[in-house]
Amino acid sequence: MKQLRIPAVYMRGGTSKGVFFLAHDLPSDPAARDRLLLRVIGSPDRYGKHTDGMGGATSSTSKVVILSKSEREGCDVDYRFGQVAIDAPVIDWSGNCGNLSAAVGPCALGMGLVEGPADGVATVRIWQANIEKVIVNHVPMRGGEVQELGDFELDGVAFPAAEVKVEFLDPAADEEGGDGSGGGAMFPTGNRIDVLDVPGVGRIEATLINAGNPTIFVDAASLGLRGTELQGDVNGDKDLLKRAEAVRALGAVAMGLVATPQEATDKRPHTPKLAFVAKPAAYTASDGKKIETGAIDLLARIFSMGVLHHAMTGTGAVAIAAAAAIPGTIVSRVAPAGADGRIRFGHPSGSLNVGAEAREEGGQWTVSKVMMSRSARRLMEGWVRVPGEQRPGER
């Protein structure tokens, strides 16, 4: 069997990284495409290491992106995101990666899908095909190339880089229709707080919101947590992870995303996300940095692919900004957004400042934009080598 040789770029975007492809370099048949991409990442890996692939054996590093020049009016590039399971032959295309969204503009410019100025800032309008929303990247350019190096520091990333400003336009689902990922309205149940009766857990208050990605917010205390936890405090506790997944799976049913909790666990592990929040408290981040109570408005943590995320997903930050801006949600009850729509929250790797433009008209809230800053960098470009057609798990 000969190996295939496929053009690809290995990119970091925010606190995630993934393998980026042009659509025309991949099989047109979705099943064949997914088998190939699973093998690129090295999934499924029964050892949980991704030793024989490009994945990093974490939810933040087991990702694929497909780009193409957009034919949609007002957009420059189409972007499809796949979250790859580590130990199962599953790629979940149901949602977006907000962190890798910051790498789409730089990658598209580097691939020649989009033209930018020789010097200044390139504005790249991106159609996010998973959730059918527009994302805008403001990418610094210098000497005709993307400026990737700089002094912008992002908690959760060890080295500074150039700042990429990201705008998520109209990130919350429309009241009159779906958002491409199911669930319909911004609040699919019609409530800003619901009570979920979770088997083995009990009754839990939750905000179920479609913003960035479908997201479930609960108070940290409802899971027996403080909100200051790091990965080491959570990811070794199998009972806690089981309870969290039970909440997430039942929330997925309540949001109309799946028919049963088991379907959420088996077929839709990427979305909805489950996040927990608490009032500010001092803690030590994963790199040893002290986060003081007065430096943040909110504590926030999020689960991704069954475990606690090492920082905060980009779409989680979008959902936090939207929920903080709307009165009556779990998030705004703990920490309403400021007059400028911005909120500072602490996550396991540090803190993040994010803002939302929200308004109320006729009793209905809309979120027109969420803004944040990330960074992105090409780690490698060339070709990935993949064994020819092979079923996942075959040896």
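**Entry 1: the second largest cavity**

I began with the second largest cavity, which has a volume of about 70 Å³. For my own reference, on a 1 Å grid over the protein atoms alone, a cavity is a set of points where a 1.4 Å probe fits but cannot get out, a pocket is an open set with protein on both sides within 12 Å along at least five of seven lines, and lining residues have an atom within 4 Å of a point. A volume is the space filled by probe spheres set on the points, and grid points are joined across faces, edges and corners.

This is a predicted model, where local features need pLDDT of at least 70 and side-chain atom pairs count only at pLDDT 80 or more, while totals for chains, interfaces and linings use all residues. Residues are numbered from 1 along each chain as its sequence is written, and side-chain values use heavy atoms, with hydrogens and water left out.

I found 14 residues lining the second largest cavity, and Lys63, Cys97, Lys273, His309 and Thr313 lie nearest its centre. Two elements, α2 (98-111) and α6, each give two or more residues to this lining. The names follow DSSP runs, numbered from the N terminus: helices are H or I with at least four residues, strands are E with at least two. By class, I noted one nonpolar, eleven polar and two charged residues in the lining. Here Ala, Val, Leu, Ile, Met, Phe, Trp, Tyr, Cys and Pro count as nonpolar, Asp, Glu, Lys and Arg as charged, and the others, Gly among them, as polar.

**Entry 2: the largest cavity**

How many cavities of 30 Å³ or more does the structure hold? I looked it up, and there are four. The largest cavity has a volume of about 80 Å³. Its lining has 13 residues, with Glu245, Arg248, Phe303, Ser304 and Gly306 nearest the centre. Helix α4 gives the most to this lining, four residues. I sorted the lining into seven nonpolar, three polar and three charged residues.

**Entry 3: the largest pocket**

Next I opened the largest pocket, with about 630 Å³ of space. It is lined by 28 residues, and the closest to its centre are Asp87, Pro269, Met305, Gly306 and Val307. Two or more lining residues come from each of β4 (77-84), α4 (238-254), α5 (261-267) and β17 (307-308). The largest share, four residues, is from α4. I listed eleven nonpolar, eleven polar and six charged residues in the lining.

**Entry 4: the nonpolar cores**

The largest nonpolar core has 68 residues, and Phe20, Leu67, Phe217 and Leu298 touch the most other members. A nonpolar core is a set of buried Ala, Val, Leu, Ile, Met, Phe, Trp, Tyr and Cys residues joined through side-chain atoms within 4.5 Å. Buried means under 20% relative accessible area, exposed over 50%, and partly exposed in between (1.4 Å probe, protein chains only).

I followed Leu298 and saw that, leaving out residues up to four places away in sequence, it touches several residues, including Val277, Ile320, Val331 and Phe345. Contact means heavy atoms within 4.5 Å. A second, separate core has 27 residues, among them Ala244, Val247, Met255 and Phe303.

**Entry 5: one aromatic pair**

Searching the whole structure, I found one aromatic pair. The ring centres of Phe276 and Phe303 are 5.8 Å apart with planes at 50 degrees, so the pair is tilted. Rings of Phe, Tyr and Trp (its six-membered ring) pair if their centres lie within 6.5 Å; planes under 30 degrees apart count as stacked, over 60 as edge-to-face and the rest as tilted.

Phe276 is in strand β13 (residues 273-278) and Phe303 in strand β16 (residues 298-304), so the pair ties together parts that are 27 residues apart in sequence. Phe276 is buried, at 0% relative accessibility, and Phe303 is buried too, at 5%.

**Entry 6: the backbone and one arginine**

I checked the peptide bonds and noted a cis bond from Ser43 to Pro44, with omega near -5 degrees. Another cis bond joins Thr271 and Pro272, with omega about 0 degrees. Pro44 sits in the loop between α1 (30-41) and β3 (63-69).

His50 is not a glycine, yet its phi is positive, about 55 degrees. Is His50 buried or exposed? I read 2% relative accessibility for His50, which counts as buried.

My last stop was Arg33, in helix α1. Arg33 is buried, with a relative accessible area of 16%.
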